[in-house]
Amino acid sequence: MIKLHGINKSFKVARRTAGIGQAVKALFAREHTIVEALHNISFDISPGEIVGYIGPNGAGKSTTIKVMSGILVPDSGSCRILGYTPWQDRTEYVRNIGVVFGQRTQLWWDVPVIDSFGLLRDIYNIPPVVYRENLALLTESLALGDILQTPVRQLSLGQRMRCEIAASLLHNPKILFLDEPTIGLDASSKIAVRQFIKTINKERGVTVILTTHDMNDIEALADRILMIGKGTLLYDGSLAHLRSRFGSNRIITLDYREHAKPIEIEGTNCLSWSPERAVYSVDIDTVPVASIIAKLSEQIELLDIGIETTPMEELILELYKEHQI
Ligand SMILES: Nc1ncnc2c1ncn2[C@@H]1O[C@H](COP(=O)(O)OP(=O)(O)OP(=O)(O)O)[C@@H](O)[C@H]1O
């Protein structure tokens with residue numbers, strides 16, 4: 001369904017050093033640097049998948065989404081989605097995809113939400129019956145009833161995001177690209193958005209590609225992770241596989257009577273330390289929990305101990321570290 005092969009994309013960025021002299025100089029001879037945003041990116045995505053596209057800031061996630069949605073033309077490589085080359089067959093292609101950029105809006109700022117939806121209906125030429133049905137369904141499942149008549153600029157972030165998602169689905173797309181769909185949302189809005197994404201994937205078979213920095217999004221939604229760092233694809237695999245790779249990692253939280261100085265324990269990673277509580281990450285195949293407790297008990301009076309398997313955030317950090325990004 002989605003096939004990217006050897007995609008490269010660089011940006012030429014003007015380089016400026018501070019100071020008026022440099023600014024004047026730059027008027028005559030502008031210096032440039034080349035930012036290699038995507039380097040030889042290849043992957044396939046099948047119909048019905050939910051894929052989490054992750055990586056640190058500036059890794060190339062949005063650039064990939066822009067290439068896949070036809071907004072950016074890569075320097076080289078091929079991208080075939082539903083039989084189209086996004087940036088070449090844009091008019092036809094966009095009828096098949098929905099795109100949500102969490103940090104930008106596709107809705108008209110000053111008009112009521114319903115008017116924006118009406119404009120999208122005309123742009124996409126959505127048949128009246130389909131539009132009516134979808135509007136009813138989306139209004140109900142995303143609880144838009146009370147806000148359809150409100151101008152977009154008066155909406156809260158969570159309300160706007162629900163409207164953005166509805167707007168991206170009015171024309172029944174087969175693929176949904178979500179670029180940080182839960183950014184800035186409160187806990188309950190995040191859960192509502194995740195639930196809805198799951199539902200449209202299950203019930204309508206919409207293929208979803210989402211970029212996020214929120215590992216709870218990934219945990220809740222994605223069966224597969226693509227990880228990118230410095231423009232290069234570093235991991236393509238299931239969440240379960242990632243878990244099994246770091247399967248013996250544990251987070252140990254210790255409460256103790258006041259102790260001012262952190263205690264180093266060989267083979268562990270101290271994630272945080274305060275005078276009453278410390279958190280360590282450890283591979284229990286290498287360093288047994290008992291030895292950590294024994295070592296600490298020699299120096300501090302332990303009050304409580306909690307042991308958890310490594311949370312998603314930590315797994316991803318490990319992966320970033322492994323790839324030195
Ligand atoms: N239009 C542009 N002009 C110049 N450089 C750009 C442009 N768009 C992206 N870049 C650069 O390309 C690289 C990848 O950026 P991109 O926005 O794809 O990263 P990202 O993974 O989405 O990051 P974030 O998590 O911070 O949103 C960065 O170094 C960025 O500065």
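In the predicted model, helix H6 is largely enclosed by the rest of the structure, because 10 of its 13 residues are buried. The buried positions of H6 are Arg-160, Met-161, Arg-162, Cys-163, Glu-164, Ile-165, Ala-166, Ala-167, Ser-168 and Leu-169. H6 itself covers residues 157–169, and the distance from its first C-alpha to its last is 19 Å, close to the 18 Å expected at 1.5 Å a residue.

The largest nonpolar core contains 59 residues, of which Ala-166, Phe-177 and Val-208 touch the most other members. H6 is the element that gives the most to this core, contributing 6 residues. When residues up to four places away in sequence are not counted, the contacts of Val-208 are Ile-50, Leu-176, Leu-178, Ile-197 and Asn-201. A second core of 7 residues is separate, with Ile-252, Leu-254, Val-282 and Leu-296 among its members.

The ligand is surrounded by Phe-11, Val-13, Val-35, Ala-37, Gly-55, Asn-57, Gly-58, Ala-59, Gly-60, Lys-61, Ser-62 and Thr-63. Two or more residues of this shell come from each of strand S1 (2–15), strand S2 (31–45) and helix H2 (61–68). The contribution of H2, 3 residues, is the greatest. By residue class, the shell around the ligand consists of 6 polar, 5 nonpolar and 1 charged residue.

Key
Residues numbered from 1 in each chain as written. Predicted model: local features only at pLDDT ≥ 70, side-chain atom pairs only at ≥ 80, totals over all residues. Near = placed C-beta within 6 Å. Helix = DSSP H or I, 4+ residues; strand = E, 2+ residues; numbered from the N terminus. Nonpolar A, V, L, I, M, F, W, Y, C, P; charged D, E, K, R; others polar. Expected span 1.5 Å × (residues − 1). Buried ≥ 20, exposed ≤ 12 C-beta atoms within 10 Å, placed from the backbone. Core = buried A, V, L, I, M, F, W, Y, C linked by C-beta atoms within 7 Å. Contact = placed C-beta atoms within 7 Å.
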